[in-house]
Amino acid sequence: MMNIFDVNWIAVVVAALAGFLVGGIWYGPIMGKKWMGAVGLTEEEIQGGNMGAIYGGAFAFSLVASWTLAHTFASYGTDFSFTIKVLTAFGVALGFIVPAIGTNYLFSQKSKTLFFIDAGYWLLFYTAMGVVHAWLG
């Protein structure tokens with residue numbers, strides 16, 4: 001039986017950073033303006049938020065997601081190739097994350113635009129983490 005903390009912690013942190021970087025690019029220059037419009041926020045409202053709590057909390061969640069992916073690979077995917085690890089990470093987003101946010105957005109009547117922006121982010125986030133875990137794992 002594996003110890004749940006017996007993972008490559010360097011990979012966990014680097015993968016979380018990779019996902020965090022993807023978010024900065026995705027919600028910055030690529031989709032930032034469209035996302036702000038889709039959620040109904042202005043730049044002033046965003047800048048008025050507690051950025052330490054927002055970014056700190058987001059990175060903490062990234063660490064949890066990265067550790068979970070690392071633990072999954074260490075427990076079940078010890079013989080997975082680089083490609084299979086990346087596809088598995090993508091599949092986690094496509095099979096678990098995207099349907100979950102989609103269901104939430106349907107009931108909260110969020111726009112399709114917001115759904116596709118956020119779903120695209122999570123697909124890229126998990127793919128980036130999968131690349132790092134495949135590379136460093």
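1. Helices α1 and α4. The crossing of α1 and α4 is right-handed. A crossing has this hand if the near helix is turned clockwise from the far one by less than a right angle, and is left-handed if the turn is anticlockwise. This is a predicted model, in which local features need pLDDT of at least 70 and side-chain atom pairs count only at pLDDT 80 or more, while totals for chains, interfaces and linings use all residues. Residues are numbered from 1 along each chain as its sequence is written, and side-chain values use heavy atoms, with hydrogens and water left out.

2. The angle between them. The axes of α1 and α4 come within 8 Å and cross at roughly 130°. Axes here are lines fitted to C-alpha atoms, for helices over the stretch in contact, and angles run from 0 to 180 degrees between N-to-C directions. The two helices, α1 and α4, are therefore oblique to each other. On this scale, angles under 35 degrees are roughly parallel, over 145 roughly antiparallel, 65 to 115 roughly perpendicular, and the rest oblique. Helices (H or I, at least four residues) and strands (E, at least two) are DSSP runs, numbered from the N terminus.

3. Who meets whom. From α1 come W9, A11, V12, V13, A15, A16, L17 and F20; they meet Y55, A58, F59, S62, L63, S66, W67 and A70 in α4. Contact means heavy atoms within 4.5 Å. The residues of this contact of α1 with α4 divide into 14 nonpolar, two polar and no charged. Ala, Val, Leu, Ile, Met, Phe, Trp, Tyr, Cys and Pro count as nonpolar; Asp, Glu, Lys and Arg as charged; the others, Gly among them, as polar.

4. L63 is found in helix α4. At 27% relative accessibility, L63 counts as partly exposed. The cut-offs are under 20% relative accessible area for buried, over 50% for exposed and in between for partly exposed (1.4 Å probe, protein chains only). Not counting residues up to four places away in sequence, L63 touches V12, V13 and A16. L63 and A100 are 37 residues apart in sequence and 19 Å apart in space, C-alpha to C-alpha.

5. Helices α1 and α6. The axes of α1 (residues 9-30) and α6 (residues 112-136) come within 8 Å and cross at roughly 150°. Therefore α1 and α6 are roughly antiparallel to each other. Their crossing, that of α1 and α6, is right-handed. The residues of the contact of α1 with α6 divide into 19 nonpolar, four polar and one charged.

6. Y27 in α1. Y27 sits in helix α1. Y27 is partly exposed, with a relative accessible area of 24%. Leaving aside neighbours within four places in sequence, Y27 is in contact with G32, W35, I117, D118 and Y121. F82 is 55 residues from Y27 in sequence and 28 Å from Y27 in space, C-alpha to C-alpha.

7. The core. The largest nonpolar core has 24 residues, and those with the most contacts inside it are L69, F115, F125, Y126 and M129. Such a core is a set of buried Ala, Val, Leu, Ile, Met, Phe, Trp, Tyr and Cys residues joined through side-chain atoms within 4.5 Å. At least two residues of this core come from each of α1, α4 (51-76), α5 (82-107) and α6. The most come from α6, with eleven residues. In soluble globular proteins, nonpolar side chains tend to be buried together. F115 touches V98, I101, G102 and Y105, not counting residues up to four places away in sequence.

8. H133. Is H133 buried or exposed? At 2% relative accessibility, H133 counts as buried. H133 lies in helix α6. Apart from neighbours within four places in sequence, H133 is in contact with A11, V12, A15, S66, L69, A70, F73 and K85.

9. G37 lies in helix α2 (residues 32-39), and A38 lies in α2. G37 is exposed, with a relative accessible area of 58%. A38 is partly exposed, at 24%. The C-alpha atoms of A38 and S111, 73 residues apart along the chain, are separated by 6.9 Å. For G37 and S111, 74 residues apart, the C-alpha separation is 10 Å. Not counting residues up to four places away in sequence, A38 touches S111, T113 and L114.

10. Check Q109. Q109 has a positive phi of about 60° although it is not a glycine. Q109 is placed in the loop between α5 and α6. Q109 is exposed, with a relative accessible area of 72%.
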